[in-house]
Number of protein chains: 6
Amino acid sequence: MIELANATWTEVGDFLASGTRVAVLPFGALEQHGPHLPLSTDTLQADAVARRLAESLDAALLPPVAYGNTWSNDALPGTVSIGADTVTALCADIAASLDRAGYALLVEVNGDFGNRLPLQRAAERAAATGQRMPVVVLDYPGLVEIADAVKESPWAAPGLCHADELETSMVLAVAPALVHPDRYSAAYPQLPADFGLRQMPLAPLSPSGVFGDPRPATAEKGEQILAHVAAESERVVRRVLAGLDTA
Amino acid sequence: MIELANATWTEVGDFLASGTRVAVLPFGALEQHGPHLPLSTDTLQADAVARRLAESLDAALLPPVAYGNTWSNDALPGTVSIGADTVTALCADIAASLDRAGYALLVEVNGDFGNRLPLQRAAERAAATGQRMPVVVLDYPGLVEIADAVKESPWAAPGLCHADELETSMVLAVAPALVHPDRYSAAYPQLPADFGLRQMPLAPLSPSGVFGDPRPATAEKGEQILAHVAAESERVVRRVLAGLDTA
Amino acid sequence: MIELANATWTEVGDFLASGTRVAVLPFGALEQHGPHLPLSTDTLQADAVARRLAESLDAALLPPVAYGNTWSNDALPGTVSIGADTVTALCADIAASLDRAGYALLVEVNGDFGNRLPLQRAAERAAATGQRMPVVVLDYPGLVEIADAVKESPWAAPGLCHADELETSMVLAVAPALVHPDRYSAAYPQLPADFGLRQMPLAPLSPSGVFGDPRPATAEKGEQILAHVAAESERVVRRVLAGLDTA
Amino acid sequence: MIELANATWTEVGDFLASGTRVAVLPFGALEQHGPHLPLSTDTLQADAVARRLAESLDAALLPPVAYGNTWSNDALPGTVSIGADTVTALCADIAASLDRAGYALLVEVNGDFGNRLPLQRAAERAAATGQRMPVVVLDYPGLVEIADAVKESPWAAPGLCHADELETSMVLAVAPALVHPDRYSAAYPQLPADFGLRQMPLAPLSPSGVFGDPRPATAEKGEQILAHVAAESERVVRRVLAGLDTA
Amino acid sequence: MIELANATWTEVGDFLASGTRVAVLPFGALEQHGPHLPLSTDTLQADAVARRLAESLDAALLPPVAYGNTWSNDALPGTVSIGADTVTALCADIAASLDRAGYALLVEVNGDFGNRLPLQRAAERAAATGQRMPVVVLDYPGLVEIADAVKESPWAAPGLCHADELETSMVLAVAPALVHPDRYSAAYPQLPADFGLRQMPLAPLSPSGVFGDPRPATAEKGEQILAHVAAESERVVRRVLAGLDTA
Amino acid sequence: MIELANATWTEVGDFLASGTRVAVLPFGALEQHGPHLPLSTDTLQADAVARRLAESLDAALLPPVAYGNTWSNDALPGTVSIGADTVTALCADIAASLDRAGYALLVEVNGDFGNRLPLQRAAERAAATGQRMPVVVLDYPGLVEIADAVKESPWAAPGLCHADELETSMVLAVAPALVHPDRYSAAYPQLPADFGLRQMPLAPLSPSGVFGDPRPATAEKGEQILAHVAAESERVVRRVLAGLDTA
């Protein structure tokens, strides 16, 4: 594994000459996560998964993008959102630069729901315009599976976790000093009948910004979740690499 | 000072209610800096200046942008460049989000030459379209002044420093573990007659990527440089704040 | 139900004054579907579902869009593809026009895989920019469920159906004269290990353009599939309408 | 003639190998046409001309585009307008796809005034960027000529016909069931002194949306008009094809 | 009449307070016009018509735009072409600035064929987006009429005049020192069968760049042409102004 | 020197075959310059410098662009501003056209502060996208130097001159008939504390639009200034040409 932020260009030259030529990019956000989690929660989680993944693949780890498309939480202080087209452009530019440099694959580890479409858009555009190096976007594969295994509190909605037991556990695992257990409080907002069926602002639905219950969170659970998601991510990437080999 | 990456939304709410409502954004790059400095050199330096500035102003420190418009170094491995329009969009989106949230001023601490025009473009667009919150772009005010005071090695060209005594000193001050003194070597490339008069690729001019001499670098000099640039930055920002108060 | 292509403006005026003010837009494609199905297969299917849905909702049925983002089949004659950004623009423009006219909801019935991201992008942009009327994109809800119930031939890959038993059955149900049973032939191409994990051209994978087995297709199965997907679509839309009522 | 919507890709392959390789695209609109004509009037007319033209040329007939740039009628219910840039993009994308597939010429049969500039723009852009396959835009050549021969009612303004004797006759010829003779009423609005000299909204000028007198309309006249316009269109296209042969 | 290039802002203030608030913009090109006419021919002609028009209307004359969309003559030295979208943007920006300043009407006097669509596009966009001040584009109204009256040489093609008797006469009338009678030579190129039916490069068709016969040109004819076109332009503008008064 | 507006294409052909193949483009503005100077002041000055420069270099002089990005003076009558992106597009299009025609260098002589960033943006984009011909932007090199030598009145702010002694002298040198000495009046507005540190509208700061004192202006000073700036410009360009020769 090579961590690009800390490496010199000569070390990258060696890595590209002999290594896997896979790059991993954690894409996060600066977004409200309740009164007890830091604004960088999504970035911390994506970086933690990406780091584990880069280690298991012996890949190049890119520095995380700390901003995402989080307009749905724009109403609460602290959220700093960038537009969907900017997310797409950022991802597309980084991918094009890696492609010119000879990388074999870019894996995006996405940490925020609002980045899904824009990152997929960049991946599709690269493929449709014939870019040699493919881009794969991962949205925490295996998360629901491991969540169902370790979670003690109920979901706020199927698949919806925001500042809840899961996210709090992951931040406890990677940056415990940034968690405020004294401010834990559960919130199970009444969701509109069509929640999840159309795009809507989240902030008005929960005054605290919490969707779920952070109280049963532990660092151990967080580590279990991160390890499982990283392992599932590796499984996906190895299939992609196998596909590239036979292409 | 509030560091947004580590803060919760409730803490930001308090800060905005009572504080200076100034935000500071370090804008860096992932760019070759010779065989002895990390690719994140520009980001580390911008973040160090921004952090000192945010402390002296009691401002909100934004997480750094780790990618910049560095096409002129695209030829060496490790450089990952994003387009000028993407830099502009990223800065404009962050500024618009802060404007909606009620900030009074955004200060960009720019760490890479290639970001100058794109960041200025975003600042001008914000002003021309009537955005309430102004954007100020700082390109290390006072740098040449303090450099002339502490520098022992000659400049590669007037005002040109890349992986040289100055940059190496600054990284020694903030991230000494990432510096490789055993790989120090000076380079004073023959520059074209029109160097600095038009845009041109830098990489072909210096095989090592160095422009200057890193050997006299020390952490003490780095600290002096950072402290002076931060102090000059503060002076500029205080003048802008005074201008806003009388507006 | 009002079919806009056939209605006069005065009839639409009456509909908007008294009716549900829901509009349904079938979004298709002009794409190769093997030697036995017409290029308009996706459009015919989307229109059939949209028509049933509009009837059950008493909604306004828009004329279908006959072109989609089908670059992955561009290599075979007959496919006429439009860009992803054009799909987004078309959907966004139609939505904006309906919003100005006072509609309460636009439901997109999407008939082609390549339109998914671009249509979702339009729906998200409308929400993020504060458009009053929401846009919901449906990708044949319930299709896999009913397919598992009626299908006799195996899937070419989980969830992958192209010119197979399912699609042939649906066209037999709505436009039997356009189906050529004498040209039926099954194809179960060897798919790359990473099929479905990244965007890739489909045409090179199957010389006939078929993925699956059209031979067990019947109009009865087609009618069952369309009825089930339309019923599931109605269920989704009614939840969205309920959410709007309480908003 | 091959009708692409109904054809299979193998049939298109044969057509391209042996045929004229000319494609004809009817470009319509969804626009108010008085209380007696359907919103799809422009699409029906363009499709009727395009079909006759494709038959006489043995060309490939593309499925019609049912939406156009009709902002000038946006004020009346039922009009669903798309932007001028979207019309241009749609036409340019379809042309580029046909160019890649080996077509020799794309003929656009335009059915709506608001599409003129955007379609011409796409044709010019294709020529200016060196696209091999040219694009020709036809705006009903010979229409005024034949109108002067068959028309019994006066023009609302020179060359202006909207829901009048001409348009009503054409729809009577191709889709009589969609015409409501019981709602016929003439309207000769007072037009501003500068009508036709600058772009202006049409809807405020005629409360019924009619410009002219539908009462003398007959299917026979409609058939005469369509036949003449199709013949004139063929004459133009044959000259273009002759020009291509000598190029 | 006020000539903006020469006026001070205080004089413009007076003009806007009391005058017609009509602005006239000559839009030219820098384009080959044979061996005997200057590259600025289109600009000189548009400026001459615009000046006469501004005088008769007591309007504000804007400085001419000396560059146009002339890609079809790009192959000959001296032609400097700007893109169609840039022509549109330039016209739209000037119009928006005049609109903000309180002008009642912008009249574009277009001097080059390639600017037609882009200028019309700007005018339509202004109308479609609800700009208060309308934009009218004039393409030398009455030119063919007066040409038929004064011309002694035949047309190269109906309505086609480039470096011929007409254009040479107009430049003789306004800038005789820039005309080289010793280089006059006629050229009646064989035109493709589809000339005028689709966009095509002009330069390959005539080695000298001339289409017609400059030899019978005289300054008197030039003056007659300019006077007639200016008078017809005035007639059109007065109708537009009458329409505005009644709006 | 060849003045393109007045030259024929055959003369340009000869020039490109034998000459320096350097082009000089004066980029001005239509902007308020106090009650005593014409709106075209910036264009006149840029054209005067460009003309002298083209003469000394034996270069091709392009016709001036008479419009610039002057939103900061938009509030006073007479200013007609175009957007920054339009300035960039105009410059980029002209550069691309000259590049295709075989020119060796484009020198932009910029006459307005607001054009700086947009012109630099075009130059950088050309370099970043690999355009063969470089673009150099000159912002009156040597102006402050010569100003300090000839100026009798104080600066309104360091480097700020608008309708003052300097500009008035230059217009007296090139277009004395357009200067109104009877309206001379000095203005030394109180500037905000952060003047020059961020983009801000200028018009509200000076009711007359003057920043400085026009009264000591003379044509002789104007001629001295223009000659010095042109000579400094030549020095810069010759260094660029030398750099190109060794490239």
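Contact here means heavy atoms within 4.5 Å. By that rule no contact joins chain D and chain F, whose closest C-alpha atoms lie 13 Å apart. Chain C and chain F are likewise not joined by any contact, and their closest C-alpha atoms lie 22 Å apart.

This is a predicted model, in which local features need pLDDT of at least 70 and side-chain atom pairs count only at pLDDT 80 or more, while totals for chains, interfaces and linings use all residues. Residues are numbered from 1 along each chain as its sequence is written, chains are lettered from A and ligands numbered from 1 in the order in which they are written, and side-chain values use heavy atoms, with hydrogens and water left out.

**Relation of the copies**

Copies are superposed by least squares on the C-alpha atoms of residues with pLDDT of at least 70 in both. The two superpositions are as follows.

| Chains | Rotation | Shift along axis | RMSD |
|---|---|---|---|
| Chain D on chain C | 180° | 0.0 Å | 0.0 Å |
| Chain B on chain A | 180° | 0.0 Å | 0.0 Å |

For chain B and chain A, 100% of the contact residues of chain B recur in chain A, and the same surface serves both copies. Chain D is superposed on chain C by a rotation of 180° with 0.0 Å of shift; these two copies are thus related as by a two-fold rotation axis. Because 100% of the interface residues of chain D are also interface residues in chain C, the copies meet through the same surface.

**The interface of chain D and chain C**

Each chain is represented in this contact, with 49 residues from chain D and 49 residues from chain C. The buried area, meaning the accessible area (1.4 Å probe) that two parts lose on being put together, summed over both, is about 3600 Å², and carbon and sulfur atoms give 62% of that area. On the chain D side, Trp9(D), Tyr67(D) and Pro77(D) lose the most area to chain C, together 19% of what that side buries.

A salt bridge is a side-chain nitrogen of Lys or Arg within 4 Å of a carboxyl oxygen of Asp or Glu. The rule finds 4 salt bridges across this interface. Glu11(C) and Arg183(D) form a salt bridge, with their closest N and O atoms 2.9 Å apart.

Helices are DSSP runs (H or I, at least four residues), numbered from the N terminus. Two or more residues each on the side of chain D that touches chain C come from α1 (9-18) and α3 (84-101) of chain D. The largest share, 8 residues, is that of α3(D).
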